[in-house]
Amino acid sequence: VQLQASGGGLVQPGGFLRLSCAASGSLFSIDDMAWYRQAPGKQRELVTLIRSGGRIIYADSVKGRFTISRDNAKDTVFLQMNSLKPEDTAVYYCNINNGLGYYWGQGTLVTVSS
């Protein structure tokens, strides 16, 4: 299983970015698709998760600003990030669970700075 994330970059506070993560390989049936992030000097944390049935979980820090979605036909998960803040600066990792294991993407850097 391979996960290819894209969409990171440098954005000013208040701006927006859209991350994508495409899964490929022996996927079988994907259950959860999620985004995590790790800021410098901090532990990796869950940002948001979307289950196969559609249930969504958001970290309190991103509620109302970030939106997760998935395209099951393309085995792709998206993260729309609006009203970005400097504290959102981190490497963002996608993660999937297909019932056989958990798989991680390579990470994409998001920098929010003026």
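**Note on strand pairing, core and disulfide**

1. Strands S4 and S9 pair in the antiparallel sense, over six bridges. In this pairing, Tyr36 stands opposite Tyr93 of S9. The model is a predicted one, and the points below should be read with that in mind.

2. S4 also has S5 as a partner: these two strands pair in the antiparallel sense over five bridges. Trp35 has Thr48 of S5 as its bridge partner. The hairpin of S4 and S5 has six residues between the strands, and Gly41 in this hairpin takes a positive phi near 80°.

3. Thr48, which lies in strand S5, deserves a separate entry. Its relative accessibility is 0%, so Thr48 counts as buried, the cut-off being under 20%. A polar atom of the Thr48 side chain lies 2.9 Å from the backbone oxygen of Ile57. Neighbours within four places in sequence aside, Thr48 is in contact with Met33, Ala34, Trp35, Ile56, Ile57, Tyr58, Ile68 and Leu79.

4. The largest nonpolar core has 28 residues; the members that touch the most other members are Trp35, Phe66, Val77, Met81 and Tyr92. Two or more core residues come from each of strands S1 (2–6), S3 (17–24), S4 (33–38), S5 (45–50), S7 (66–71), S8 (76–81), S9 (90–97) and S11 (108–112). In soluble globular proteins, nonpolar side chains tend to be buried together.

5. Tyr92 is one of the core residues named above. Not counting residues up to four places away in sequence, Tyr92 touches Leu19, Trp35, Tyr36, Arg37, Val47, Phe66, Leu79, Met81, Gly107, Thr108 and Val110. Among these contacts are Trp35, Phe66 and Met81, which are also listed with Tyr92 as touching the most other core members.

6. How many disulfides does a search of the whole structure find? The search finds one, and this disulfide joins Cys21 to Cys94, with an S to S distance of 2.0 Å. Cys21 is in strand S3 and Cys94 in strand S9, so the pair ties together parts 73 residues apart in sequence. The torsion about the S-S bond is about 50°, which means that the disulfide is right-handed. Cys21 and Cys94 are both buried.

Technical notes. Residues are numbered from 1 along each chain as its sequence is written. This is a predicted model: local features need pLDDT of at least 70, side-chain atom pairs count only at pLDDT 80 or more; totals for chains, interfaces and linings use all residues. Side-chain values use heavy atoms; hydrogens and water are left out. A nonpolar core is a set of buried Ala, Val, Leu, Ile, Met, Phe, Trp, Tyr and Cys residues joined through side-chain atoms within 4.5 Å. Buried means under 20% relative accessible area, exposed over 50%, partly exposed in between (1.4 Å probe, protein chains only). Helices (H or I, at least four residues) and strands (E, at least two) are DSSP runs, numbered from the N terminus. Contact means heavy atoms within 4.5 Å. A disulfide is a pair of cysteine sulfur atoms within 2.5 Å. A polar contact is a pair of N or O atoms within 3.5 Å; within protein, one must be able to donate a hydrogen and the other to accept it, and residues adjacent in sequence count only if both atoms are side-chain atoms. Two strands pair if DSSP finds at least two bridges between them.
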